[in-house]
Amino acid sequence: MATVTATKITVTPSGSACGAEIGGVDASKPIDPQTVAAIRAAWLEHQVICLRGQDLTAEDHRRFAGYFGQVGAYMRPASRQHPSHQSN
């Protein structure tokens, strides 16, 4: 399958029923709105996305996830949550 380039990223379909690998993104740094939009479009088109080789802190992960929706409460018992992420 062909690699599609949008903004500064590459989107390579997995070749399976769903999924794609996103390249050209360093999720440990803030991302511009156009790149976020391109990643969101790939996510909506392929249902599953993978960004390989990312070295993220907990804060990096929360920031990146926050581009795609509110980061909120876990739906599991507090006893099974990571202490720094507890919500109930």
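## Aromatic cluster

The structure, a predicted model, holds 4 aromatic pairs. Rings of Phe, Tyr and Trp (for Trp, the six-membered ring) pair if their centres lie within 6.5 Å; planes under 30 degrees apart count as stacked, over 60 as edge-to-face and the rest as tilted. Trp-43 lies in helix α1 (residues 33-46) and Phe-68 in the segment after α2 (58-66), so the pair ties together parts 25 residues apart in sequence. Helices (H or I, at least four residues) and strands (E, at least two) are DSSP runs, numbered from the N terminus.

Tyr-67 and Phe-68 also pair. Their ring centres are 6.4 Å apart and their planes are at 85 degrees, so this pair is edge-to-face. Trp-43, Phe-64, Tyr-67 and Phe-68 form one aromatic cluster. Trp-43 is partly exposed at 33% relative accessible area, and Tyr-67 is partly exposed at 23%. Buried means under 20% relative accessible area, exposed over 50%, and partly exposed in between (1.4 Å probe, protein chains only).

Thr-35 sits in helix α1. Thr-35 is buried, with a relative accessible area of 5%. Its side chain makes a polar contact of 2.9 Å with the side chain of Asp-32. A polar contact is a pair of N or O atoms within 3.5 Å; within protein, one must be able to donate a hydrogen and the other to accept it, and residues adjacent in sequence count only if both atoms are side-chain atoms.

Gln-47 is in the loop between α1 and β4 (49-50). Most residues other than glycine have a negative phi. Gln-47 is not a glycine, yet has a positive phi of about 70 degrees. Gln-47 is partly exposed, at 48% relative accessibility.

## Confidence

The chain averages a pLDDT (the predictor's confidence in each residue, from 0 to 100) of 83, and 83% of the residues score at least 70.

Over residues 1-6, pLDDT stays under 50. The model has 12 contacts (heavy atoms within 4.5 Å) for these residues beyond four places in sequence. Where pLDDT is low, the predicted coordinates should not be read in detail.

## Basis

Residues are numbered from 1 along each chain as its sequence is written, and side-chain values use heavy atoms, leaving out hydrogens and water. In this predicted model, local features need pLDDT of at least 70 and side-chain atom pairs count only at pLDDT 80 or more, while totals for chains, interfaces and linings use all residues.
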